[in-house]
Amino acid sequence: MLKGKKFILGISGGIAAYKCAQLTRLLVKEGAEVQVIMTKLAKQFITPLTMATLSKRPILVEFFDPENGAWNSHVDTGLWADAMIVAPATANTMGKMANGVADNLLITTYLSARCPVFVAPTMDLDMYQHPSTQTNMATLKSYGNHLIEPNDGELASGLVGKGRMAEPEEIVAALKDFFLKKNKADLSGKKVLVTAGPTHEKIDPVRFIGNYSSGKMGYAIAEELAERGAEVTLVSGPTNLKVCHQNIKRIDVVSAEQMYLASQEKFGSMDAAIMSAAVADYTPAVKADEKVKRTADNMSVELRATKDIAAELGKLKSDKQVLVGFALETQDVIANGELKLKKKNLDFIVLNSLKDKGAGFNTDTNKVTFIDKENKTTEFALKSKVEVAGDIVDKLVDCLQSKNLTNR
Ligand code: CTP
């Protein structure tokens, strides 16, 4: 998968730099070419000699060679690569990448590179959790950079927590996964609608009825679809998330009614739709124009059912379109899931139970079970939402392929 690929390995000054020796060995063993760029501080953690020997190329540190004035062109290096890996990415280096502080060769190369960039952060747990670091990482993601999450564990400081750079094997796996999807592009030419996030149902100008959905699952699905070549329309309720991929067109909505109108309008031109939003089932019958004042001891808000978007699209669905729903249950998960699958005319349904640890709202992980129209049940282990998105999209591709075969 990585044979013949050209990588820039940008090493910044963190203790995890020692892992770059193994990372380089693994990449070279795969048949890849590796050009190492180090910051000055990185040289204190691992020697240029080690890295030059393993990568079989002189490493680059300075803008030019002080001995003979030869220019190390960051532009040429940036354009040469199929991907750039910044590992370890310290808080300092990520801050510079996020804000364009181009005071070393690693950063100028990063700014010049047109290839995908992978960032493997490493630092102490408090530095990692600091809002400044988190904001910089979110900015890098919004530039389309791929973050390879650090692991939990014992840190060089002796503290225990999140901040250990991903292992070289994990970084290589992330690269392989990326190039596999790129080569696959199994959804190129397909259009997919995704709903994501919560809806907010207005009571008055300052209050609403909402839910705890973060939108993370739907956004991960949208990214996965886009990476595999699909043109994605993401109808999103209110979330703090950013869309990274250029193949994703986002339509922001607030209420269930707005989500219904946007989804229904787009569905006709879609090959598939994945309904991952946590849509409110009820909305206040009357939305007050002025703030509702505190008066009696008891008060009630009359609610009216919203449109079931998935069920409405199920009615409109053609033979060639694929419709996927979710079900979040607290009891009788399978039986309720089967009912929803039929009622909404879905091709498959993704079940998650709030009883499973690590599943559901506001987590980075999910544990799901699929039920399809043939009543085939597939249960998955607890995985990251990104990996779950991969499983969902694999199943979607199977459904699209079988529909195209049977309807030809
Ligand atoms: N859904 C929808 N529109 C709604 C309610 C739900 O599109 N008004 C979709 C969800 O996006 C999800 C699926 O329907 O894909 C199931 O949602 P869920 O909340 O689990 O089920 P409900 O149909 O709302 O049923 P209940 O609340 O009774 O479990």
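Me: How are helix axes and the angles between them defined here?

Reply: Axes are lines fitted to C-alpha atoms, for helices over the stretch in contact. Angles run from 0 to 180 degrees between N-to-C directions. Now the case in this predicted model. The axes of α1 (residues 19-29) and α9 (residues 168-184) come within 9 Å. They cross at roughly 40°.

Me: Which word describes how α1 lies to α9?

Reply: Angles under 35 degrees count as roughly parallel, and 65 to 115 as roughly perpendicular. The crossing of roughly 40° therefore makes α1 oblique to α9. As for hand, α1 passes α9 in a right-handed crossing.

Me: Which residues make the contact of α1 and α9?

Reply: From α1 come Lys19, Gln22, Leu23, Leu26 and Leu27. From α9 come Pro168, Glu169, Ile171, Val172 and Leu175. By class, that gives 7 nonpolar, 1 polar and 2 charged residues.

Me: Now the whole chain. How many helices and strands does it have?

Reply: The protein chain has 14 helices and 21 strands. Its C-alpha trace spans about 80 × 60 × 35 Å along the principal axes. Of its 408 residues, 49% count as buried. Sequence separation is the next thing to read. Take the contacts with a separation of 6 or more: residues 24 or more positions apart account for 66% of them.

Me: How many residues of α12 are buried?

Reply: Buried means under 20% relative accessible area. In α12 (309-316), 6 of the 8 residues are buried, so the helix is largely enclosed by the rest of the structure. The buried residues are Ile309, Ala310, Ala311, Glu312, Leu313 and Gly314. Their cover includes β8 (191-196), α11 (256-267), β13 (272-275) and β16.

Me: What caps the N-terminal end of α12?

Reply: Look for a side-chain oxygen facing a backbone nitrogen. Aspartate 308 is the cap. One of its side-chain oxygens lies 3.2 Å from the backbone nitrogen of alanine 310.

Me: Which residues does serine 263 touch?

Reply: Serine 263 is in helix α11. Its relative accessibility is 0%, so it counts as buried. Not counting residues up to four places away in sequence, serine 263 touches Leu193, Thr195, Val235, Ile309 and Leu313. Of these, Ile309 and Leu313 are among the buried residues of α12.

Me: Is lysine 317 buried or exposed?

Reply: Start with its place: the loop between α12 and β16 (322-329). Lysine 317 has 13% relative accessibility, so it counts as buried. Next, its partners. A polar contact of 2.7 Å joins its side chain to that of aspartate 347. Leaving aside neighbours within four places in sequence, lysine 317 is in contact with Phe267, Leu323, Asn345, Leu346, Asp347 and Lys403.

Me: Backbone next. Where is the peptide bond that is cis?

Reply: Read omega. The bond from alanine 87 to proline 88 is cis, with omega near -10°. Proline 88 is in strand β3 (residues 83-89).

Me: What is the phi of lysine 56, and what is that of asparagine 375?

Reply: Lysine 56 has a positive phi of about 65°, although it is not a glycine. Asparagine 375 also has a positive phi of about 65°, and it is not a glycine either.

Me: Where do lysine 56 and asparagine 375 lie?

Reply: Lysine 56 lies in the loop between α3 (48-55) and α4 (74-80). At 64% relative accessibility, lysine 56 counts as exposed. Asparagine 375 lies in the loop between β19 (369-372) and β20 (377-379). With a relative accessible area of 40%, asparagine 375 is partly exposed.

Key:
Residues numbered from 1 in each chain as written. Predicted model: local features only at pLDDT ≥ 70, side-chain atom pairs only at ≥ 80, totals over all residues. Heavy atoms only, no water. Helix = DSSP H or I, 4+ residues; strand = E, 2+ residues; numbered from the N terminus. Parallel < 35°, antiparallel > 145°, perpendicular 65-115°, else oblique. Left-handed = near helix turned anticlockwise from the far one by under 90°. Contact = heavy atoms within 4.5 Å. Nonpolar A, V, L, I, M, F, W, Y, C, P; charged D, E, K, R; others polar. Buried < 20%, exposed > 50% of the residue type's maximum accessible area, 1.4 Å probe, protein only. Polar contact = N/O pair within 3.5 Å; in protein donor to acceptor, adjacent residues only side chain to side chain.
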